[in-house]
Amino acid sequence: MRVTHGLPLARKTTLGIGGPAAMFAELEDLADFPEFVALADAFPGAPICLGAGSNALVADAGCSSPVLRMNTRGVRFVGEAADGRTLVEVQAGHPLSDLVDTVVGHGLIGVEMLAGIPGTVGATPVQNVGAYGQEISDTLVEVVAWDLVLRRRVTLDAVACGLGHRTSVFKGSSRWTLLTVVFALRKCALGAPVTYQAVADRLDVPVGSRVPPAEAVEAVLAVRRGKGMVLGCSDADRRTVGSVFFSPEVTPAQAGWLRDEGASLNRFPDGSTRVSASWLMRRAGFALGGRVAEGVRVSYLHHTLVADEGASAARFTEAIGVVVQRVLEGTGIRLTPEIDFLGDWPQEGDMGED
């Protein structure tokens, strides 16, 4: 375990924003985790797990609570579920993109549509990460976590994780640190049905078709690259968290006029119908590359926010508020940020809330 004091967290996030951490620890071996807990007890507040920093906005003042980056790696095939699916145990610090490549290489399906999403496997249950018709809730079996209340390791099955649309019992809670994750994946020559038009178009197949998972991965990566949503694919837009806002749920009446306007609408596993936040930004008049706040603009490739020279946490939150307000005024639909706000913020901003 490597421990640093006063490390600027801007270096550890994809936005490149954030003040120093009072204590920053990088964990390579789970056997050292109790040592981290003992060190963390000397600092105020519960430990914060930063992961790969790809979904985080760190306060300009930094973080007085201890910060942990899980660098643990490893994928193990550990048996077979009752329904015949293969059980795969993954260390929390393992990159999600590498997991997708590994299991697809073994002929397993269930996470192929998550190709290109940055971050670690341990972050995926927290957010119930999903894309292009798949979610972690489709395949999650259980997690092993450190419970800071009970002061010991616990195992939580998928039901206990409380997975919903981009949420879980872990989201917004400082009680647990995820250590390992177990998925159940199916051996199959064809992946899940392609449910998103953009991916189907890239594959040149009708929506609902099934293709080999490796082909699905390549199509998803191509679509994401076209939006600048794969880290490193666009130098100009490299300081990004990908999607800044949740896709908001809409009522049947709203869905009707949105379809008439050509909006991107999709049904989700929780039964909700949601509209693309990027479509709402475009509808509200935000132009690609347009400045929203000092150091913060819309991406050149996709309607999301990215950071430029001069960006700060304060300016990024200002930009979020501008987008929320203009979309609300232009469409009557309220956007909600999905990124994690970490560290010592001077006060609770409303992010556009009433």
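Trainee: Where does His302 lie?

Mentor: His302 lies in the loop between β19 (296-298) and β20 (305-307). Strands here are DSSP E runs of at least two residues, helices are H or I runs of at least four, and both are numbered from the N terminus. This is a predicted model, so local features need pLDDT of at least 70 and side-chain atom pairs count only at pLDDT 80 or more, while totals for chains, interfaces and linings use all residues. Residues are numbered from 1 along each chain as its sequence is written, and side-chain values use heavy atoms, with hydrogens and water left out.

Trainee: Is His302 buried or exposed?

Mentor: His302 counts as buried because its relative accessibility is 13%. Buried means under 20% relative accessible area, exposed means over 50%, and partly exposed is in between, with a 1.4 Å probe and protein chains only.

Trainee: What does His302 touch?

Mentor: Leaving out residues up to four places away in sequence, His302 touches Lys227, Met229, Ser278 and Leu288. A contact is heavy atoms within 4.5 Å.

Trainee: Other loops, then. Which phi value does Arg151 have?

Mentor: Arg151 has a positive phi of about 65°, although it is not a glycine. Arg151 is in the loop between β13 (140-147) and β14 (152-157). At 41% relative accessibility, Arg151 counts as partly exposed.

Trainee: And what about the phi of Asp204?

Mentor: Asp204 has a positive phi near 60°, and it is a residue other than glycine. Asp204 lies in the loop between α4 (197-203) and α5 (213-226). With a relative accessible area of 70%, Asp204 is exposed.

Trainee: Which strands does β9 pair with?

Mentor: One of them is β8 (residues 75-80), antiparallel over five bridges. Another is β15 (residues 176-187), antiparallel over six bridges. Two strands pair if DSSP finds at least two bridges between them.

Trainee: Which residues stand opposite each other there?

Mentor: Phe77 has Val88 in β9 as its bridge partner. Leu87 stands opposite Ala184 in β15.

Trainee: What is in the turn of the β8 and β9 hairpin?

Mentor: The hairpin has five residues between the strands, and Gly84 takes a positive phi near 95° there.

Trainee: What is the strand order in the open sheet of four?

Mentor: The order is β1-β4-β7-β5, with mixed pairing. The edge strands are β1 (2-4) and β5 (48-49), each pairing on one side only. β1 pairs with β4 (residues 24-27) in the antiparallel sense over three bridges. Arg2 stands opposite Glu26 in β4.

Trainee: Last topic, the chain as a whole. How many helices and strands?

Mentor: The protein chain has eight helices and 21 strands. Buried residues make up 53% of its 354 residues.

Trainee: What is the radius of gyration?

Mentor: The protein chain has 20 Å, which agrees with the value near 20 Å for a compact globule of 354 residues. The radius is taken over C-alpha atoms, and the globule rule is 2.2 Å times the number of residues to the power 0.38. Along the principal axes, the C-alpha atoms fill a box of roughly 55 × 50 × 35 Å.
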